[in-house]
Amino acid sequence: ANMREQITQKILAQLKSIPALGYVSRDPVLVENLAAPQFPCALIESADETREVIASSSPLYFIAAQITFNITVWTRNPYQDSKRNKLFADIEAALVIDRKLGGVATDLIVREIQIQPQQGSQPYGQSTLKVEVDYSYSN
């Protein structure tokens, strides 16, 4: 598997190890189709990536890269804010246990947390954690 996929698989495994998450997926999910025990739930998606050549020695290039992952989480009423804050702490704790993701990364950080305003009487709260992973490779 390529580096993006290896990193994604490692993060997915770390998310699935969190007992508080009822459902974790890489595929888009319709939260209204999930049963109550599947909450809170999370969707992980790989997002933007930047790459920079840090050295070259013909014919090899040594590349430093940074990829962002969006981890979108949904919680249900009641006590959404408290549940969300605990969930953020649980996710970050699981991810930083191994910032190098078993050797496929050089660093990992939860860079940003975005909270979507609740829509009317909708019983779900949605938030996105933006996780940045640094890694390097040669080609």
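Hi everyone, let's start with a lysine: Lys86 counts as exposed because its relative accessibility is 51%. For that wording, buried means under 20% relative accessible area, exposed means over 50%, and partly exposed is in between, with a 1.4 Å probe and protein chains only.

A word on the source. This is a predicted model, where local features need pLDDT of at least 70 and side-chain atom pairs count only at pLDDT 80 or more, while totals for chains, interfaces and linings use all residues. Residues are numbered from 1 along each chain as its sequence is written, and side-chain values use heavy atoms, with hydrogens and water left out.

Back to Lys86, then. What does its side chain meet in a salt bridge? The partner is Asp90, at 3.0 Å from N to O. By salt bridge I mean a side-chain nitrogen of Lys or Arg within 4 Å of a carboxyl oxygen of Asp or Glu. Lys86 and Asp90 are four residues apart in helix 2, so about one helical turn separates them. Helices here are DSSP runs of H or I with at least four residues, strands are runs of E with at least two, and both are numbered from the N terminus.

Helix 2 covers residues 80-96 and also holds Asp81 and Arg84, three residues apart, again about one turn of the helix. Those two form a salt bridge as well, with their closest N and O atoms 2.9 Å apart. Are they buried or exposed? Arg84 is buried, at 11% relative accessibility, whereas Asp81 is partly exposed, at 44%.

How many salt bridges does a search of the whole structure find? Six. Another of them joins the side chains of Arg51 and Glu49, at 3.2 Å from N to O. Arg51 counts as exposed at 51% relative accessibility, and Glu49 as partly exposed at 21%. Together with Arg4, these two residues are linked in a network of salt bridges.

Now the strands. Strand 3 (residues 60-76) and strand 5 (residues 124-138) run antiparallel and are joined by 15 bridges; pairing requires DSSP to find at least two bridges between two strands. Thr68, for instance, has Glu132 of strand 5 as its bridge partner. Strand 5 also runs antiparallel to strand 4 (residues 107-115), with eight bridges between them. There, Asp107 stands opposite Asp134.

Strand 4 is also the place of Arg111, which is partly exposed at 49% relative accessibility. Which residues does Arg111 contact, leaving aside neighbours within four places in sequence? They are Lys130, Val131 and Glu132, where contact means heavy atoms within 4.5 Å.

Finally, the backbone. Most residues other than glycine have a negative phi, and most peptide bonds are trans. Leu101 is not a glycine, yet its phi is positive, about 50°. This leucine is found in the loop between helix 2 and strand 4, and it counts as buried because its relative accessibility is 1%.

There are cis peptide bonds to look at, too. The one from Phe39 to Pro40 has omega near -10°, and Pro40 has its place in the loop between strand 1 (23-25) and strand 2 (41-57). The bond from Ser58 to Pro59 is also cis, with omega near 5°, and Pro59 is in the loop between strand 2 and strand 3.
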